[in-house]
Amino acid sequence: MTDPAAPVTPAPLFETAVVAGVGLIGGSVALGLRQRFLARRVIGLDTSVEVLREAEALGVVDEVRAKPGEWLREADLVVLAAPMRALAPLARELAPWLSPKALVTDVGSVKAGIAAELEALGVRNFVAGHPMAGSERGGVTHARAGLLENAVWVLTPTDHTPLTALSRTRTLVEHLGAAPVVMPPDAHDGLVATVSHLPYLASLALTHMVARDERLSLLAAGGFRDLTRVASGDPRMSRDMVVENRSALREALSRFRRQLDRLEADLDEPDDLLDAAQEGKRTRDSLPVVKRSLLPPKHDLVVAVPDRPNQIGAVTQALGEAGVNIKDIEVLAIREEGGAIRLGLESLEDVRRAGEILGAAGFEVRARG
């Protein structure tokens, strides 16, 4: 007989998920899988024992492994989240241990090479992916599930990608709170060369100019800081990223030089320069990432709810009677067996109290980073 007081959780999308490479993005994926109740068990695989200890201590994963092995055959989801240069070697190391039924994806920023590598390895259910999210602060200590929310997550199937694998990966991305966009690998690499890899090289060029004249550093203000922010990222990882995409990046650099030449010519034509400036303002102001409002930090609690009437009402009533003020509420996912809701609360103390109250009421809860 089922205990009515036992926590009720929705059936997960995956029984066992493995995140191979528990850094900023891999750790954020692992947290999303756990906090949104998408996997019954999340295993972190990494060559660094220190990283694994940290990931386990922070609650990013349920279990840790330092080497692939027979245990990998239990995984029905495998996320390759190693740095760019290590992705292909990691795939080759894991491929012999993967279940043929496992869904495999990655989070690398260049897609054509890894898509070809997994195809050559015979990993059938592979869907190359790239969440357009990140931070100049790397490592698992800065991982958070919220990093992926509302981010564009590009999926790049090939002609050989099974439609069922693509559909399952889209579902995963949506349940992690991101927005899936599907395009061919080569198209992705060309676009990312312009919006991500070219700005990195431009940032390096500007910082090198400052490095060669100390007077410039005294005058560098907010505009310079914002333009060069990406230069603060991990140098080795950034190097590997742009080198892997060097063919598409060279084309983007060529177009960029032509734009600079045009703007240089416009210095002698003030009206033309004004037209260019107005076009630049219109374009920049219309970017989705710019229009997105800046919200204050939130203190969130995720609650698993069964697919029964008035469950959200039961949650809000229990907290209201205890005097816990809910500032925001969001339905994260609803599946046949139930789903999860996010509660935005006023303070960390409210998160703690709400967790105790709802846990005592039979709900499973998890604080969200």
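**Close-up views of a predicted model**

**View 1. A nonpolar patch lies on the surface.** Phe-256, Leu-260, Leu-263, Leu-267 and Leu-273 make up a nonpolar surface patch with about 420 Å² of accessible area together. Patch members have over 30% relative accessible area and no salt bridge; like charges are joined within 9 Å, and nonpolar side chains (Val, Leu, Ile, Met, Phe, Trp, Tyr) within 5 Å. A salt bridge is a side-chain nitrogen of Lys or Arg within 4 Å of a carboxyl oxygen of Asp or Glu. Accessible areas come from the Shrake-Rupley method with a 1.4 Å probe, and for residues only the protein chains shown count as cover. This is a predicted model, in which local features need pLDDT of at least 70 and side-chain atom pairs count only at pLDDT 80 or more, while totals for chains, interfaces and linings use all residues. Residues are numbered from 1 along each chain as its sequence is written, and side-chain values use heavy atoms, leaving out hydrogens and water. Helix α10 (residues 246-266) gives the largest share of the patch, three residues. Helices (H or I, at least four residues) and strands (E, at least two) are DSSP runs, numbered from the N terminus.

**View 2. Leu-263 and Ser-109 are shown together.** Leu-263, in helix α10, is partly exposed, with a relative accessible area of 36%. Ser-109 sits in the loop between β5 (103-106) and α4 (112-120) and counts as buried at 12% relative accessibility. Buried means under 20% relative accessible area, exposed over 50%, and partly exposed in between (1.4 Å probe, protein chains only). The C-alpha atoms of these two residues are separated by 30 Å, and the residues are 154 apart along the chain. Leaving aside residues up to four places away in sequence, Ser-109 touches (heavy atoms within 4.5 Å) residues including His-130, His-188, Asp-189 and His-197.

**View 3. The largest nonpolar core has 36 residues.** Such a core is a set of buried Ala, Val, Leu, Ile, Met, Phe, Trp, Tyr and Cys residues joined through side-chain atoms within 4.5 Å. Among the members that touch the most others are Val-19, Val-29, Leu-33 and Trp-153. Helix α1 gives the most to this core, six residues. Not counting residues up to four places away in sequence, Trp-153 has contacts that include Val-29, His-130 and Pro-180. A second, separate core of 25 residues includes Trp-71, Leu-80, Leu-87 and Ala-115.

**View 4. Helix α13 spans residues 311-321.** Its buried residues are Gln-311, Val-315, Ala-318 and Leu-319. They lie on the same side of α13, because they cover an arc of only 90° around the axis. The arc is taken from the directions from the helix axis to the C-beta atoms. Gly-323, with a positive phi near 80°, follows α13.
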